[in-house]
Amino acid sequence: MGRRPRVEEADRTAIRAAADRLLAGTPLHSQSGKLTASELIAESDLRRDVVYRHTDLIQDFQARAKAQDLTPTAMQELADENRKLKAEVDDLRKELHRERVRTKTMRMIIAEVSLELEQAMADLADASGVARLPDRR
């Protein structure tokens, strides 16, 4: 038993659709969405040798990608947003670190003041010379 023959037009349609999705920045199968021949192959979900039979489509895709500055607009927007969010996360991490340092300092101050209060109350009870009556509760 041999393989079924390939349907040329179906392959071409798959390659064109993959190119359109990559250029629009909405890939389905590509991991990175980069505008390369390898990503076109991944996006088309066809074997490499099948795609390379259609060099005219690959060249057309590469020309369109070059005209688009090699980065789809949607991907560029996502990259910009990602950079902005990473900067925001870095700022929040720094603020969290500062708050943790402040909290640690406050806990140490509270513990020290509590000890001083207990000591002062004990000293006051010892120094007053007044006998305390037991609570009636």
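Q: In this predicted model, why is Arg21 called partly exposed rather than buried or exposed?
A: The relative accessible area of Arg21 is 21%, and the term buried is kept for values under 20% while exposed is kept for values over 50%; because 21% falls in between, Arg21 counts as partly exposed.

Q: What makes Glu43 a buried residue?
A: Glu43 has a relative accessible area of 0%, and since buried means under 20%, Glu43 is therefore classed as buried.

Q: How do you know that the side chains of Glu43 and Arg21 form a salt bridge?
A: The N to O distance for this pair is 2.6 Å, and a salt bridge needs a side-chain nitrogen of Lys or Arg within 4 Å of a carboxyl oxygen of Asp or Glu, so the pair of Glu43 and Arg21 qualifies. Glu43 belongs to helix H2 (residues 37–44) and Arg21 to helix H1, so this bridge ties together parts that are 22 residues apart in sequence.

Q: Why is the contact between Arg64 and Asp60 called a salt bridge?
A: The closest N and O atoms of Arg64 and Asp60 are 3.9 Å apart, and because the cut-off is within 4 Å, this pair is counted as a salt bridge. Both residues are in helix H4, and being four residues apart there, they are separated by about one helical turn. Arg64, at 34% relative accessibility, is partly exposed, and Asp60, at 38%, is also partly exposed.

Q: What makes the pair of Arg12 and Asp56 a link between distant parts of the chain?
A: The side chains of Arg12 and Asp56 meet in a salt bridge with an N to O distance of 2.7 Å. Arg12 is in helix H1 (residues 8–24) and Asp56 in helix H4 (residues 55–67), and the two are 44 residues apart. Arg12 has a relative accessible area of 17%, which is under 20%, so Arg12 is buried, whereas Asp56, at 40%, is partly exposed.

Q: Which residues touch the most other members of the largest nonpolar core?
A: This core has 16 residues, and those touching the most other members are Ile15, Leu35, Leu40, Val51 and Phe61. The elements giving two or more residues to the core are H1, H2, helix H3 (48–52) and H4, and H1 supplies the largest share, five residues. Leaving aside residues up to four places away in sequence, Phe61 touches several residues, including Ala19, Leu35 and Leu40.

Methods:
Residues numbered from 1 in each chain as written. Predicted model: local features only at pLDDT ≥ 70, side-chain atom pairs only at ≥ 80, totals over all residues. Heavy atoms only, no water. Buried < 20%, exposed > 50% of the residue type's maximum accessible area, 1.4 Å probe, protein only. Core = buried A, V, L, I, M, F, W, Y, C linked by side-chain atoms within 4.5 Å. Contact = heavy atoms within 4.5 Å.
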